[in-house]
Amino acid sequence: MRLSYSIVMALCLLLVGAPSLAQEQKPIAASKSDAGVVYFLRNHNLWVHDLKSGQGRQITHDKKISTYTVSLSGNQIAYALDDGQLYILDLIDNKETLFLKKTSLADPSFSPKDDQLVFTCSVPDDPYFLSNTFGFVYHIWLLDIKTKKAIDLTESRYHHINAKWSPDGKWLSYSAMVDPWWTMFRDVPWEIYLMNVNDKKDLAIKIGKGKDSKWVDSKRLFISDNRLFKVYDVQTRAVVKEFNIDDPCSGDYSFGQQWKQYIIKLFVGAKENGQL
């Protein structure tokens, strides 16, 4: 199957490999209700930039912020400090609240209803023969913003990272590293899993090999694994489309959420037009 050059290049941007917890974070655009505002980090503090006026304003002071996220409503910002402290800033009341502290806290993400937050942090693990965990593993945690209660969603001896909410807030997709004992000698075997946040019967649904995932809508999940791309249907629990990119891609395509949303829209449009 042949793909047009523009589609191939757009899909190449998704080839970021295994998600990195130490990447420099790109600016984040606010939600649809406040699309003219962009948040970014400067000297480890949060700033907001008004695209219309061209004016910037510092939001936090004397912080060492390592990562952050903006809620879909645009009313809250969650950010983590270098020491693992997690804060949520209410932009309506201008109130900053410390919720918890975890080791190597990263990748916070609000649920679509702004009532929950997922994040990644490291938890202790006993090293064992040929293990690449080195005494810790990354797990995905879920924080209830109202009760301030946080639970570990992925209790195991494997790494779990890169959690993504479905648009309806029912599902989480994430990347997991399985069979870590042999990864000292080969590439890390990342796999994509699906989790029903509200139903404990669907805590870990294995989809298959993959390094990254992105929700097209609440029913379809887009999965990338090197040059192999899949579309997974959540309702039928099956891959409904699979294709390879013939042209090799190279370089570090570490683009943020806005780029990925654009790429997914391009892919869906191409599919509907019969180009895929």
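Start in the loop between strand S7 (85–90) and strand S8 (95–101), and select Asn94, which sits there. Strands here are DSSP runs of E, at least two residues long, while helices are runs of H or I of at least four; both are numbered from the N terminus. This is a predicted model: local features need pLDDT of at least 70, side-chain atom pairs count only at pLDDT 80 or more, and totals for chains, interfaces and linings use all residues. Residues are numbered from 1 along each chain as its sequence is written, and side-chain values use heavy atoms, with hydrogens and water left out.

Is Asn94 buried or exposed? Asn94 is exposed, with a relative accessible area of 63%. The classes are buried (under 20% relative accessible area), exposed (over 50%) and partly exposed in between, with a 1.4 Å probe and protein chains only.

Next, select Asp114. Look in the loop between strand S9 (106–110) and strand S10 (116–124). Asp114 is not a glycine, yet has a positive phi of about 65 degrees. Asp114 counts as buried, at 12% relative accessibility.

**The sheet S13 to S16**

Move on to 159–165, which is strand S13, and 205–209, which is strand S16. In which order do the four strands of this open sheet run? The order is S13-S14-S15-S16, with antiparallel pairing. S13 and S16 are the edge strands, and each pairs on one side only. From one strand to the next, the twist averages 25 degrees. Axes are lines fitted to C-alpha atoms, for helices over the stretch in contact; angles run from 0 to 180 degrees between N-to-C directions.

Two strands pair if DSSP finds at least two bridges between them. Pick Trp165: opposite it stands Leu172 in S14.

**The sheet S17 to S20**

Select 212–215 for strand S17 and 238–244 for strand S20. They belong to an open sheet of four strands, ordered S17-S18-S19-S20, and its pairing is antiparallel. S17 and S20 are the edge strands, each pairing on one side only. Direction ignored, neighbouring strands of this sheet are turned by 20 degrees against each other on average.

Finish with residues 228–233, strand S19. How many bridges pair S19 with S20? Six bridges do, in the antiparallel sense. Last stop: Lys230, which stands opposite Glu242 in S20.
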